[in-house]
Amino acid sequence: MQRTAPKRVDPQIALDPLRFVFGGVAFDVCPTRELKWALTDEHRGFLAGYATSPVAGLVHCSVSVASELADDHRREIEWSWDGDVAQIATGRLRAELRWLGGSRYAARAQVAPGSCGCTSVCTAIAAAVVSHRGGLVLHAAGIELDGRAVLFIGPSGAGKTTTANHCKGARWMARDRAAIYPTP
């Protein structure tokens with residue numbers, strides 16, 4: 001079996017802030033007008049173009065603002081599946097994710113006002129989709145070194161990011177979480 005090097009995304013390419021791949025999931029996002037939706041530079045470093053990467057799922061997502069979530073800063077992601085529907089919650093997001101069959105999903109999300117909405121939606125929904133597809137999300141720093149993936153896994157403060165920063169010639173693939181899922 002011949003291995004091919006992963007596609008590299010040129011960071012200078014302007015990715016569509018409404019159609020992108022993040023955390024192994026392709027997103028097609030429809031934010032309401034009052035939502036401040038933006039991909040941060042931090043996110044841009046880990047994005048791929050919409051049709052350039054293998055993905056665990058394709059999510060069409062409508063996103064609106066929920067002012068009542070503004071003061072909750074919990075980062076834990078909770079989700080539970082009941083048949084084809086999942087309820088997802090973090091401190092700053094509430095979402096319903098519906099599996100449409102195959103690798104297709106539809107989501108309706110509400111996020112806290114401000115620029116954190118993109119982070120909340122991407123991180124939480126990607127984790128639920130990856131889990132639903134038989135994968136898992138690890139608390140890890142990840143790099144590509146000599147064409148291979150290297151993950152540094154451990155609790156907060158263990159030195160994962162510091163260790164990855166010391167790997168010369170490596171390219172970052174995950175700074176805080178890494179999605180691992182089966183592919184053909």
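Guide: Happy to! The protein has three helices and eleven strands, where helices (H or I, at least four residues) and strands (E, at least two) are DSSP runs numbered from the N terminus. Along the sequence, their order reads β-β-α-β-β-β-β-β-α-β-β-α-β-β. Please keep in mind that this is a predicted model, in which local features need pLDDT of at least 70, side-chain atom pairs count only at pLDDT 80 or more, and totals for chains, interfaces and linings use all residues. Residues are numbered from 1 along each chain as its sequence is written, and side-chain values use heavy atoms, with hydrogens and water left out.

Strand 4 (residues 78-82) pairs with strand 5 (residues 85-90) in the antiparallel sense, over five bridges; two strands pair if DSSP finds at least two bridges between them.

Most residues other than glycine have a negative phi. D146 sits in the loop between strand 8 (136-145) and strand 9 (148-153). With 75% relative accessibility, D146 counts as exposed, a word used for over 50% relative accessible area, while buried means under 20% and partly exposed lies in between (1.4 Å probe, protein chains only). Stepping back, 36% of the protein's 184 residues count as buried.
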